[in-house]
Structure formats: C-alpha cells, structure tokens
Amino acid sequence: MNKIFGNPDRSLVAKLIIAIGVLMVIVSFIFWYAILQKQQQDIRSIAVKYGDSFLAFIKQSTHYSMLTLDSAKTQEAVEHLSSPDVIKEVNIYDHGGTIHFSSNEERISSTVVKTSLACTACHEDPEKSSALLNERMRWNVTKDPQGVSSLSLVSVIENEKDCYTARCHVHPQDQKIIGFIKADFSLGLLDVALHKQKEALSLYVAIFVIIVSLFVGFIIYTMITRPIRVLIAGMERIAGGDLDHSVPITSDDEMGVLARSFNAMIKDLKEARDQREKWTQTLEEEVARKTEEIRKTHASLVQTEKLASLGRMAAGVAHEINNPLTGVITFAHLLRDRFPDKSQEVDDLNVIIEQSERCSKIISNLLTFARATPSEKGSCDINEVLSRTVFMLKNQEKFHHIKFDVDMDEAQFIVFGDASQFQQIFLNMFINAADAMEKRGKITVASRRVKEKGKDFVEIEFSDEGCGIKEEDMSKLFEPFFTTKPIGKGTGLGLSVSHGIVKHFGGTLKVESTVGKGTSFFVRLPLSETHQ
Amino acid sequence: MKKILIIDDEPIIRTSCERTLAPKGYAVTSAASGAEGLALLEKEPFSVVLLDFKMPDMDGMEVLKKIQASSSSAKVIIITGYSNVDTAVRALRSGAYNYIEKPFTPDKILSAVKEAIDDLEEK
C-alpha cells in the first residue's frame, strides 16, 4: 500500500485518491441523508394513515355509547382500546377543549391549553374560533426525554344526523363540530428500525467509498504511476550518465508515446554526446599536433639563430685567421722550393701545405654560410642578383667544367630583402649542384613569375644532373648539420640557413629529386607589391 | 723590371707577396695603408697593384676608385676574404682586373700577376 500511496505530499496517486475519497464521502453523505429523510417521511405518513384508521375505529366503537349517553361504556372502550406500549393515550374532547373521556382517567375534566395540537390542528389562532387552516396539520411528532418519539393525531367528531336527532338533544343541529379525539402513538419501534437502517446504510456507504477509492487508486497506479516511476528511474540513470539505458514500452497509450519519445530523446542525446566526444578528441589531437609543430619550429628557429650568431662570431675569427694562414702557406712553399724533390723535407712541407689548405677550406665553408657582413634590407632585383652570382662563379675552379643553362624571364622581379642573403642562397644552390655532379655537367637556372594563394611570387629553379637525393634523406634536408658530403667538405648548414632566409622573407623552398637523374630546387620569394 | 705595389695593413701578407714575387724578377714595393699606397703611386708608375680590400684607414673600394681616377695605368688585383665575393664582383665592375682569395698560394699570386702583365703588354 505504501508503494501505491507513497508520501501524500509527493505522490500523485495519494492526492487523487484523497480528492476522490473526499468527493465520494460528501456525495454519499448527501444521498445517505436524503434516503434517511425520505424513509422517515414515508414511515411517518404510514403511521399517520394507521393512526387515522385507529381514530376512525374508536369513533365507530364509541358511536353507540355516545348516542345513548352511556359514559361508562364510552370510557371503558377508550380505556380498552389504548395500550401503554403503542397507543399511549386516547382523549376525547368537546369543542371547548375539555376532556370527557381519556385512557388516563386522571385527565378527565381537565381542559387542554389552546396552544396544544388539539386546538392548533384546526385553528390558525385558537383565540379566534373562525380562523381555520386550509390544510389541517392534524398530527405532530414529539420526543420524550428518553429520546422515544411519539405521534399525536387529532380527528374531528362532526355533528351528524344521528346526533342532533338523538333523544338527548345535547347537540343542536347548527353545531358543526361536536368535539374531537386525540391519540398519542409511541414510535419507539419505528425509531429502532430507522436507527438500524441508518447504521446499515452508513456501513454500506463506507464500504462503497473504500472499494471505489481502492479501485481508482489501483487503476491510476497501474496506468500512470508505474510507467511514470519507470520513466523517472530511467531519467535518473541518464542523469547519472548512463545513456545506454532505454525505457521499456508496455502500451500504445499516451504513456507508451511518452516512453517512445523519451527513448528517441536519449538516442539523440547519446549521438550528440558521442559527436561531442569525437570533436573533443579531434580537437585535442589537432592541438597536440600544432603544439608539436610550433615546438619543432621554435626549436629549429632557436637552433638556426644560435648557429647564425655562432657563425657570425666564427666568421670574424676566420677572417683574421686567413692572414697568418697565407703566411704559413707561402713560406711553406718557399721553403719547399729550397729542397730537392722527393726529399723527406719536401714530404713534410707538403703535409704542412695540405693541412693549411684544409684549414682554408674549413674557413671558406664557414664563411659561405655565416657571413660577417650585416644584413641590409631593400628592394632587390632577383635576376640581377642571379646573373651576378653566375658571373662570379664561372671564374671559380669548382665550376670550370660546369655548363650554365640560364633561362631568366625578361621581366624585373623586385623582391624586398637582403641581396647578399639572396646571393648566399643562390651560391649555396650552385655549390650543392656542383658537388652533386662531381663538378661536371649542366646546371639549369630559370626564373619565372608564379601565383600562389592569390599572391605573386618569383620562382627560381636550380636543376642539376647529379646523383639525386635518397628518399630517406628528404625529410632531414633542411635540418642544421645534416650533410651527405664527405667529412670536411660540408658543414650541413647550407640548406638550413637558406631555408631560414627564404622563410624569413615570406617565401618557400621546395625540392624534387630522382636518384641517379638529378635534383631541382625551387626558391619562391614574394614579389614586392609596388613592383607587381 | 716590372714594378709591383702591395697595399695591405697585414705585415705577413706583404712579406708573403714580397718573398714570392721578388725571386721571380719583380721589383716589389710595400705600403701598409691606403694613403701610403696612393702616395707611392703618384711618385712612380707601377705595373700591378695588389690591394687588400679590408684596411683600417681606407676602404679598398675607395683606394681602387682613386687609382682609377689617377693617371696610373696599373692593373689592380684585389685580395679578399672568401665570403666577400660580393665586394669582389663590385670591385671587378669598378675596374679591378682580378681578385685573389685569402689564403692564397705563391702559385696563385704569380699566375695572377703574370696574367695582368701579359694583358698590359698586349695593349
């Protein structure tokens, strides 16, 4: 029961049952009261009918003795007809209200008060004998101190022919009413019956209210409360994060529709959550990837900057070393010339010369990639820088057996930047190409205008017929200190520094290579907007 | 005898050139600064001038321009550090005959000087 009703403050069913119960109690009480009233009324009217018959019977029984003025016989009949249990008292009055015959002998000759039923049954105002009632209230019901009700009934004795023609001549012919008869009946037995009926009816009503309330409660519980409880339990599980839960659908009514809608909602919620989790994960991966990218770029920038400043310092030192190195080389040569060929001294001096030249190469490599001259930014004509570099290199021993195939666009490509830094990039490209071809072959140089993401760029291509770059080396190409050249030949800084410079001026550096066929480097630099 | 002038603030470079060239029959004169070199050029004619581009008192380019502006017909060979190819190219365009990178070997100096003198004589 507790499960059904729950806490009245919080249970819908308890509230409904209480409301229905109260309504039924009120309605049942009204019916109960109406039925009892009607029953009482019916019983009384029957009692009045029997009372009337009884009074008529008394009148008949005493008719003869009245006509013969046999008072003793009349009194005897009256006494005889009354019984203390049912007919408590029978009185016969004259029209003036004086009792002539009574079952209670003590009351004979006494006069009734004018407000009693004996008078008011016929007279509206007993003081005025002519004020008669239209509807005669010939009876009333009173209760004695013991709670037993009794019915008092009055019947008029009218003047008849037998009366005014009787020998006694007591009543003249013009007298209409001779007197009246009044009887008091005890309704004790009826009271008891009525009371028993009242009790039975009350019991029936109570049983009816309880049964109906329970039935309604049960219906509401099975049809509403139970499905709602299931829904609430489902919602609590979902609020706790269990989106895999679904509510069983047990009917096709509104509750079934609600459960179905609820399940659909949970499905949507689960999909939204999965989507969100996926997004979050993707976002996290993206952030991690970008962070790693930034970290790498930063590390490489720091590394490049460190190397650049180291290079600047080294370059300053290298310049100074060149002077004493020239002295060492010159005097070693001079000394060597004094000794005969194939002597131990010549061999030793050759070692000095070779090692000094090695020093010189190390310095020149260092100086190529880390120039001591400060950066001077301005507008540079890329074609001019390129042709100047080619012109200068043609005289170099390294390029003596290399053919330059120059195909420069006639247009002027003005780029904002440092001409000497651009030259450094180009020099580096040519040196790499020459090294890749072992100083023999053709280098193709071309410049052209290209468009990328709506911006104008100049693209400078450097293609060689060299050995090419291995697939596994491609990713490390722009890393500082990465080199495939023999020890002492390359510093591994060339492409790294070049890449740094190109990126610094907003350009890109790309490479295409086929092992055994050759390599192409594409340097893209943004064209100065005023010269596009 | 061909006269050669060396202008360099580094004594070891001057000495190296003198010791390389003198035995080969060149008359070598040294100057430790740009100003000193220019003064010598005004006094007497030289066939070849070996000019260091990096000197404390006067920029090599300035000295080169002054030589070009003077009546001297001397061929100027620039001595430069490797990384200063850019300035070397500029110098060549300004009228320098050739350039030599430091550190150099005696052979390089000799061939460069010989080339310049041959060219001079052809004219």
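**Strand pairing in chains A and B**

In the predicted model, L151(A) stands opposite F185(A), a residue of β5(A). The two strands involved, β4 (residues 149-158) and β5 (residues 177-186) of chain A, run antiparallel and are joined by nine bridges. Both belong to an open sheet of five strands with antiparallel pairing. Its order is β2-β1-β5-β4-β3 (chain A). The edges are formed by β2 (99-102) and β3 (139-143) of chain A; each has a single partner strand, so one side of each lacks a neighbour in the sheet. Neighbouring strands are turned by 20° against each other on average, direction ignored. Helix α2 (residues 12-67) of chain A lies across β1 (87-94), β2, β3, β4 and β5 of that chain. The helix runs at about 45° to β4(A).

In chain B, strand β3 (residues 48-52) is mostly covered, with five of its five residues buried. Burial extends to both faces. V48(B), L50(B) and D52(B) lie on one side, V49(B) and L51(B) on the other. Strand β1 (residues 3-7) of chain B runs parallel to β3(B) and is joined to it by four bridges. Here I4(B) has V48(B) as its bridge partner. Five bridges link β3(B) to strand β4 (residues 75-81) of chain B, again in parallel. L51(B) stands opposite I78(B) of β4(B). Together with helix α3 (residues 60-69) of chain B, β3(B) and β4(B) make a right-handed β-α-β unit.

The structure holds zero disulfides over all chains. Among the cysteines, C467(A) counts as partly exposed because its relative accessibility is 47%. C17(B), at 1% relative accessibility, counts as buried.

Methods. Residues numbered from 1 in each chain as written. Chains lettered and ligands numbered in written order. Predicted model: local features only at pLDDT ≥ 70, side-chain atom pairs only at ≥ 80, totals over all residues. Heavy atoms only, no water. Pairing = 2+ DSSP bridges. Axes fitted to C-alpha atoms, helices over the stretch in contact; angles between N-to-C directions. Contact = heavy atoms within 4.5 Å. Disulfide = S-S within 2.5 Å. Buried < 20%, exposed > 50% of the residue type's maximum accessible area, 1.4 Å probe, protein only. Right-handed = clockwise from strand over helix to strand, strands pointing away.
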